[in-house]
Amino acid sequence: MGRGLACLIDAGLSIRQTMGAVLAEELRRLALHDLHVALGGKMVPFAGYEMPVQYSAGVMKEHLHCRTAAGLFDVSHMGQVILQPKSGYEATALGFEALMPVDVLGLAEGRQRYGLFTNDSGGILDDLMFANRGDHLFVVVNAACKADDIAHMTRHLSGVCEVIPVTDRGLLALQGPQAEAALARLIPSVAAMRFMDVAVLAWQGVDLWISRSGYTGEDGYEISVPQTHLAEFAKALLEQPEVMPIGLGARDSLRLEAGLCLYGHDIDTTTSPVEAGLTWAIQKARRAGGARAGGFPGASRILSELADGPERRRVGLRPEGRAPMREGVAIFAADGTPVGTVTSGGFGPSVEAPIAMGYVAAAYAATGTVLAGEVRGKKLPLTICDMPFQPTTYKR
Amino acid sequence: MKYTKEHEWLRVEGDLVVVGITEHAATALGDVVFVELPEVETVVAEGDEVVVIESVKAASDILAPLDGEIVEVNQKLVDNPALVNEDPTGAAWFFKVKVDDLSVLDDFMDEDEYNDLIG
């Protein structure tokens with residue numbers, strides 16, 4: 001089968017999908033489906049859901065709008081889970097900690113942290129956000145992994161807590177330099193939140209679970225909203241002059257420019273957190289010599305990679321010229337030795353150039369190293385660079 | 001103007017056929033960020049991959065709609081790929097091909113037939 005325009009157009013131009021989504025017999029619809037369609041959303045299958053890949057403005061304009069004003073994303077496909085302790089918060093925090101190389105116990109009340117479930121060989125089962133909400137933990141996981149994640153947590157944590165999937169709430173993300181101004185018009189106290197703070201704040205008589213975080217590299221918020229008020233709240237945000245709806249296409253280019261991993265592409269069950277450059281997510285308490293060192297799945301590999309360095313590393317890549325290098329592009333050293341693969345790549349609308357990330361053998365991972373990516377049979381130069389490609393604007 | 005099933009348009013200009021992509025194709029592709037054109041004097045056969053076009057969403061090829069020789073390419077598209085979205089059926093032509101017999105164009109769709117195809 002060729003790669004002519006017709007086959008691309010017939011395929012609906014969906015962005016990368018997991019096999020699970022492709023094989024799913026029936027796609028689930030978001031609660032806001034009709035709103036997305038009314039906004040001109042082009043709906044495509046993603047992680048088992050019909051999701052808007054873009055709206056009428058298109059990926060480029062949506063991306064740039066989010067970088068300069070504020071963008072609204074419906075991320076209700078993601079999994080929201082409460083871990084409700086059976087016998088005290090500490091036992092639940094320690095139980096959750098046993099699944100991740102991350103300091104859960106040390107997370108202060110009202111704060112959120114990035115985490116990742118590891119497997120026994122040190123690979124990554126999923127990446128996630130979790131928050132200390134005083135008497136319980138609130139966890140947000142990837143859509144494609146949520147069923148497995150809930151089973152994983154239920155299997156390992158049922159002794160210490162109830163694992164409660166939150167199915168009566170949607171999740172919205174409002175991202176961009178004007179997100180604070182837009183959201184504060186509806187809920188003034190969000191302005192006082194700092195990056196990775198969480199709070200329960202009332203709107204129209206219902207509790208919204210708000211975190212000051214996101215996955216675009218911009219300042220912004222993620223807001224868990226009861227389904228009963230989801231459409232009304234989304235419309236109230238869209239009425240703010242700064243806010244434009246943003247689809248999955250721009251979500252992907254925004255997170256790529258921010259150097260953030262997409263699970264199933266940049267990280268998976270074969271990549272360790274150290275290879276992936278996520279060592280910032282492994283706090284001192286869990287490292288060798290720390291108060292609660294080790295004791296998580298895959299600790300032997302992860303701790304030895306922390307000490308001795310991994311065999312390969314996730315790196316930022318800048319292709320020379322204008323040709324994007326996408327997922328799967330093979331990377332070669334100057335002498336022709338294969339040294340790695342691109343895991344995410346495309347055009348960065350804000351950096352106005354093609355950008356990519358991928359894994360290369362550690363010996364070739366130094367910033368500034370010039371390698372080659374093979375595109376359509378031609379080896380084209382690309383340079384290892386630091387990430388993010390676009391400076392982040394988190395309000396710390 | 002004639003149209004192919006691959007969403008190209010064909011326009012006769014003297015003894016040459018000018019080739020571009022339709023507005024429908026340009027809209028579906030989304031913002032075009034990269035165009036790679038063939039070399040002038042390349043002899044192509046129908047179905048050959050002659051142009052690489054990449055949007056923010058995906059990479060695709062434009063296939064040669066007929067046999068002939070590429071005699072001119074639109075270098076403006078390499079420098080400004082966004083032109084494909086701005087003026088797909090005008091300024092954003094891709095290449096001009098010299099064919100032996102212009103009557104081969106009769107086999108392609110006219111505008112009504114193409115509009116039926118894209119529904």
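Reader: What makes the radius of gyration of chain A agree with that of a compact globule?

Author: The radius of gyration is taken over C-alpha atoms, and the globule rule is 2.2 Å times the number of residues to the power 0.38. For 396 residues a compact globule would come out near 21 Å, and chain A has 21 Å, so the two agree. Along the principal axes, the C-alpha atoms of chain A fill a box of roughly 65 × 55 × 40 Å.

Reader: What kind of model is this, and how are residues and chains labelled?

Author: This is a predicted model, in which local features need pLDDT of at least 70 and side-chain atom pairs count only at pLDDT 80 or more, while totals for chains, interfaces and linings use all residues. Residues are numbered from 1 along each chain as its sequence is written, and chains are lettered from A and ligands numbered from 1 in the order in which they are written.

Reader: How do you know that chain B passes the threshold for local features?

Author: pLDDT is the predictor's confidence in each residue, from 0 to 100; the mean for chain B is 94, and 100% of its residues reach 70 or more. Among the elements of chain B, strand 7 (residues 59-63) has the lowest mean pLDDT, 88.

Reader: Why is strand 7 of chain B called mostly covered?

Author: A residue is buried if 20 or more other C-beta atoms, placed from the backbone, lie within 10 Å of its own, exposed if 12 or fewer do, and partly exposed in between. Four of the five residues in strand 7 of chain B are buried, hence the wording.

Reader: What makes strand 6 and strand 9 of chain A edge strands?

Author: They belong to an open sheet of five strands in chain A, ordered 6-7-8-5-9 with antiparallel pairing. Strand 6 (112-118) and strand 9 (161-165) of chain A each have a single partner strand, so one side of each lacks a neighbour in the sheet.

How values were computed:
Helices (H or I, at least four residues) and strands (E, at least two) are DSSP runs, numbered from the N terminus. Two strands pair if DSSP finds at least two bridges between them.
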